[in-house]
Amino acid sequence: MSAAGLPVCLTRPPKLVLHPPPVSKSDIKPIPGLGHCCRKTTKKQARKGKTPEEVVKRYLQKVRNPPEEGPGVSGVSRGESVGRLVTCGHQYHLQCLVAMYNNGNKDGSLQCPTCKTIYGVKTGNQPPGKMEYHVIPHSLPGHPDCRTIRIIYNIPPGIQGPEHPNPGKPFTARGFPRHCYLPDSEKGRKVLRLLLVAWDRRLIFSVGTSSTTGESDTVIWNEVHHKTEFGSNLTGHGHPDPGHLDNVLEELRAQGITEEESLQRE
């Protein structure tokens, strides 16, 4: 009772629930429609063959009389080799695109600086590691009618390669293994299939500076959001979140990964 003689409502603060209740091995099931439950990546293999200029020219149409300015023209002046990107139509100096390509992952793909259209297959600099995925017999908040897909990412610390910010320098890998969760629904399985494509293309993680701790030369998430809280949403990384799956599909599309990509792999 309060000093005024009125009842006092005592409420407990919400509790952070990162992990599901214990699950026995016999209760862990494979994902319907997927024959495997583990995917590994290894060190990036150096690509041989085409020069940077040859790669860039593959995605360009030559502009014979480039305008000095106008819609879709970026820094174009007469007397220089200018090309129009074949899908989006934006125009650039050939050597500007070659320089941009040389500063990137040099994987045979190109991304328009203006509209972000991707040409070729974009890959990242994710370090070697392992991705496990399976179904557990528990439901996420907001998804009472289905079980849960659990994804476990594990990346060990190592030495940075030529595609990383500081080649030859060690990188750390904090917080691994990282557990993430999706509803075992039709859309949840679709997201998982696309995440597998992103993992194979080394786009889930990167090496850089942590926005949380400020630590440099460490493994960080790479613009594809995951839910790491199982039974709560106190940090914004849990459920319920009705728009999460659609948001992830958009983030994957921005990396050049669509449903057609996953169907081609099946």
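Colleague: Against which elements do the buried residues of helix H4 pack?

Modeller: Helices and strands here are DSSP runs, helices being H or I of at least four residues and strands E of at least two, numbered from the N terminus. Buried means under 20% relative accessible area, exposed means over 50%, and partly exposed lies in between, with a 1.4 Å probe and protein chains only. A contact means heavy atoms within 4.5 Å. In this case, the buried residues of H4 pack against strand S11 (178-183) and helix H3 (186-200). Please note that this is a predicted model, in which local features need pLDDT of at least 70 and side-chain atom pairs count only at pLDDT 80 or more, while totals for chains, interfaces and linings use all residues. Residues are numbered from 1 along each chain as its sequence is written, and side-chain values use heavy atoms, with hydrogens and water left out.

Colleague: Which residues of H4 are buried, and how are they placed around the axis of H4?

Modeller: Helix H4 covers residues 244-254, and its buried residues are His244, Leu245, Val248, Leu249, Glu251 and Leu252. Viewed down the axis, these buried residues fall within an arc of 165 degrees, so they line one face of H4. The arc is that of the directions from the helix axis to the C-beta atoms. After H4 comes Gly256, whose phi is positive, near 85 degrees.

Colleague: What is the arrangement in helix H2?

Modeller: In H2 (residues 94-102), the buried residues are Leu94, Leu97, Val98 and Tyr101. They cover an arc of only 105 degrees around the axis, which puts them on the same side of H2. Their packing partners are helix H1 (52-58), strand S2 (60-62), strand S3 (82-85), strand S4 (91-93) and strand S5 (110-111).

Colleague: Which feature does UniProt place at residues 85-115?

Modeller: An unreviewed UniProt entry places the feature "domain: Zinc finger C3HC4 RING-type" there. UniProt positions are given in the numbering used here, feature names are shortened, and annotations may be inferred rather than shown by experiment. In the model, residues 85-115 are 29% helix and 19% strand, and the end C-alpha atoms are 11 Å apart.

Colleague: How should I read a salt bridge, and how many does a search of the whole structure find?

Modeller: Side chains of opposite charge can pair when their charged atoms come close. The criterion is a side-chain nitrogen of Lys or Arg within 4 Å of a carboxyl oxygen of Asp or Glu. The search finds 12 salt bridges. One of them joins the side chains of Asp217 and Lys169, at 2.9 Å from N to O. Asp217 lies in the loop between strand S12 (205-208) and strand S13 (218-221), and Lys169 in the loop between strand S9 (158-159) and strand S10 (170-171), so the pair ties together parts that are 48 residues apart in sequence.

Colleague: Is Asp217 buried or exposed?

Modeller: Asp217 is buried, with a relative accessible area of 7%, whereas Lys169 is partly exposed at 41%.

Colleague: Which residue forms a salt bridge with Glu250?

Modeller: The partner is Arg253, with the closest N and O atoms 2.4 Å apart. Glu250 and Arg253 are 3 residues apart in helix H4, and are therefore separated by about one helical turn. Glu250 is partly exposed at 49% relative accessibility, as is Arg253 at 43%. Elsewhere, salt bridges that share partners join Arg147, Asp184 and Arg189 into one network. Within it, the side chains of Asp184 and Arg189 meet at 2.9 Å, N to O. Asp184 is buried, with a relative accessible area of 9%, while Arg189 is partly exposed at 22%.

Colleague: Which residues does Leu18 touch?

Modeller: Leaving out residues up to four places away in sequence, Leu18 touches Tyr181, Thr228, Glu229 and Phe230. The C-alpha atoms of Leu18 and Glu229 are separated by 4.3 Å, although the two residues are 211 residues apart along the chain. Leu18 lies in the segment before S1 and is partly exposed, with a relative accessible area of 37%.
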